[in-house]
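Student: I've got a model open and I'd like to learn how to read it. Could you walk me through a few features?

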Amino acid sequence: MRSLLLSFLTVLILVSSCGDKHKYTLTSKGYELRQGDSIYLGQFSLGQYDGYGELTIGDSVAYKGWWKNGVRQGYGIITDSIGQEILGLFDADTLVRGEKKLSFGVYKGELDSLLRPTGQGIYLGLDGSSYQGMWLEGLPNDFGFAFSPSGDLSLGEWEDGKYLGERLSFTDERIYGIDISKYQHGKGAIYYPIFWKNLRITYLGRKNTKNAQGKVNYPVSFIFIKSTEGTTITNPHYLTDYNEARKNGYLCGAYHFFSAHSPAIEQAEYFLENTKFSSGDLPPVLDLEPLAWHIKKMGGVFSMFKEIRTWLDIVEKRVGLRPILYVNQKFVNKYLPLAPDLMEKYPIWLARYDEYKPDVNLIFWQLCPDGRVNGIHGEVDINVFNGYKEEFLEFLDSFSIRKKK
């Protein structure tokens, strides 16, 4: 449409510059110029469109607005290929920005030659949603932020209208930690000690490319240690690791691996009996990694969540602190929306091995299961706190254990 319009403008300008006065008709709205199936009605100066004017091609208004020296200059209205009107800002006949109605809202911003949102722009939905950021060929692309109708914020990168997440830059300013179990000490008869004096994270894993700034050599600020699983399994190294970690100045927390084979009440009691909770410790964690058959064994999704609530309530009352839910992205996508109270009430520690920050009520993000830590043999789970030092101190002030067991 734009190339067609420009070709008509070229012909009309050439005709007007020849001084053929018989082509012009003076009307109450200005001069009228006809050329083929095109009609220009408006102001002229020195034989060129200048001032306000309307150009009609056939039965369609191609442009109505302001002109200068024969080209569009300033604000005007054009029509796209499906008949939608677009209020645009032109500079030397180039469309700089425009306002266009989309299917469920209005777009204001840059447009390409096909009049699609491309470049910087804002979308305001009729339902109260919005998006501000970069566009490409009519869809959000690259960096931007959006608000849902309920006010939830999605800040980060987009691809063809799909939200990917916030790409996190890893620097030594962030707060990193690890989680460990018996496997950091080897298997079978092989035993590897942990050298607690100077634990340093040296590798963020190979699962996905991580945007690390500078050399990866981060101090370990917190450690979660597996304590129990079900009602019969304990980590044989839990107490030793807990005591050594605290003695060396690390913030500690404990987690329980939830089982489908025993009641939640018994699992909560087993965890409480075999776990230490000292003043300043991190909140207890419930590790949820059920497979489909586990959920079926528990009586289905809603029965599973009933058991989960039981465990959480018992532990919170005994420890005096709301536990953290450890889940993976699949669990969040498939099951957690069925328990909105849990999503709103409990902080999330999410396992997602991706370069984009998860879009949940995030406290800790498990970046990879195959990181490396100086002082620990083999692969280690690496985690990052969702925030910086000031937010971490605020978190500790509100969510650390205040009593001793």
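Tutor: Let's start with Y40, which counts as buried because its relative accessibility is 0%. Buried means under 20% relative accessible area, exposed over 50%, and partly exposed in between, with a 1.4 Å probe and protein chains only.

Student: Before we go on, what sort of model is this?

Tutor: It's a predicted model: local features need pLDDT of at least 70, side-chain atom pairs count only at pLDDT 80 or more, and totals for chains, interfaces and linings use all residues. Residues are numbered from 1 along each chain as its sequence is written, and side-chain values use heavy atoms, with hydrogens and water left out.

Student: Okay. How are the rings of Y40 and F44 arranged?

Tutor: Rings of Phe, Tyr and Trp (its six-membered ring) pair if their centres lie within 6.5 Å; planes under 30 degrees apart are stacked, over 60 edge-to-face, and the rest tilted. Y40 and F44 have ring centres 5.0 Å apart and planes at 80°, so they are edge-to-face.

Student: And what about Y52 and W66?

Tutor: Their centres are 5.6 Å apart with the planes at 75°, so Y52 and W66 are edge-to-face. Y52 sits in strand β4 (residues 48–57) and W66 in strand β5 (residues 60–68), so the pair ties together parts 14 residues apart in sequence. Strands here are DSSP runs of E, at least two residues, and helices are runs of H or I, at least four, numbered from the N terminus. Y52 is partly exposed at 33% relative accessibility, and W66 is partly exposed at 45%.

Student: Which residues form one aromatic cluster?

Tutor: F222, F224, Y326, W349, F364, F385, F392, F395 and F399.

Student: Now helices. How do I describe two that pack?

Tutor: Two packed helices are described by the angle between their axes and the distance between the axes. The axes are lines fitted to C-alpha atoms, for helices over the stretch in contact, and angles run from 0 to 180 degrees between N-to-C directions. Here, helix α3 (residues 264–273) and helix α5 (residues 301–319) pack at about 35°, with axes 8 Å apart.

Student: Which residues of α3 and α5 make the contact?

Tutor: Contact means heavy atoms within 4.5 Å. From α3 come A264, I265, Q267, A268, E269, F271 and L272, and from α5 come E307, T310, W311, I314, V315, R318 and V319.

Student: Which residues of α3 are buried?

Tutor: A264, Q267, A268, Y270, F271 and L272. Their cover includes β20 (222–229), β21 (233–234), β22 (251–257) and α5.

Student: How many bridges join β10 to β11?

Tutor: Two strands pair if DSSP finds at least two bridges between them. Strand β10 (residues 117–125) and strand β11 (residues 130–136) run antiparallel and are joined by six bridges; I122 has Q132 as its bridge partner in β11. The two form a hairpin with four residues between them, and G128 in the turn has a positive phi of about 95°.

Student: What comes next, between β11 and β12?

Tutor: Another hairpin, with two residues between the strands; E137 in its turn has a positive phi of about 50°. Six bridges join β11 to β12, which run antiparallel, and G133 stands opposite G144 in β12.

Student: What is the phi of D142?

Tutor: D142, although not a glycine, has a positive phi of about 75°. D142 lies in strand β12 (residues 139–147) and is partly exposed, at 46% relative accessibility.
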